[in-house]
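Please study the sequence and the structure before working through the solutions.

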Amino acid sequence: MGELQPVPVGDDGIDIQAILRGSRIPLPGYRAEVGGTPVRITVNRHCVDDDGTLIPDTGNTMLSFAVTDSVLQPSTAIDVVRHAAPMNLGPVYIYTPDLEKTWSRYRVAAFFSGSGTMIEAPPDFDWSKYSNMFRDFTVYRADTILGPLTPVYHSLNRDFYQPYMDRRGRYWTPRITAPPESSGLGEAFAATLGAVSRRSAIRSDIRALALEWL
């Protein structure tokens, strides 16, 4: 595996822009400290054009930071990532089973457009696809340093979990006949379209061909 690399000192920290451009990511990860206790940060790069309602084919990227090797509060894990990488001005997201408890493993995520600018995760992002947890979890959003954490997603109850219900994968393009604007059903229709247009959202062997207003 090799030695952990220390987080680069200075305002830039981990070179996020180089990682977004495809530079090699150190496999062992980076070494940081919290109150004198060592923390390990590993980085993964994911193309997420098909994992939510993002502008497609523009190189939308999710960087996920695994924070491990030390028992931390969720807010502390976010601060570790923010101090290690230059992401102080944009929203970041954290996976955690319980916001009130401490854990030794977190996943913190940040999203970037093809130009390298931080963006928000879409409301229908497929969070479970990138989860490293084998139990139910909640994803929280943090907009500022030391700011409040806002829940944005809660996984399905693990006792009744079915993979095709939560892992939405890529998108179909069904034929659409929308209701008239005067119907007041635009939002409900859009939500239904978003659900059925994700491959395997219903079943892995069913493809939605059309959604029509009758």
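Two strands pair if DSSP finds at least two bridges between them. Helices (H or I, at least four residues) and strands (E, at least two) are DSSP runs, numbered from the N terminus. This is a predicted model, in which local features need pLDDT of at least 70, side-chain atom pairs count only at pLDDT 80 or more, and totals for chains, interfaces and linings use all residues. Residues are numbered from 1 along each chain as its sequence is written, and side-chain values use heavy atoms, with hydrogens and water left out.

**Exercise 1.** Determine which strands are joined to strand 5 by bridges.

*Solution.* Step 1: strand 8 (residues 138–142) runs antiparallel to strand 5 and is joined to it by five bridges. Here Tyr95 stands opposite Val139. Step 2: strand 6 (residues 103–112) is also antiparallel to strand 5, with three bridges. In this pair Ile94 faces Val108, and six residues lie between the two strands of the hairpin.

**Exercise 2.** State which residues of strand 5 lie on each side.

*Solution.* Step 1: in a regular strand, side chains alternate between the two faces of the sheet. Step 2: Val92, Ile94 and Thr96 lie on one side, and Tyr93 and Tyr95 on the other. Step 3: all of these are buried (under 20% relative accessible area; exposed is over 50%, partly exposed in between, with a 1.4 Å probe and protein chains only).

**Exercise 3.** Identify the elements with the lowest and the highest mean pLDDT.

*Solution.* Step 1: pLDDT is the predictor's confidence in each residue, from 0 to 100.
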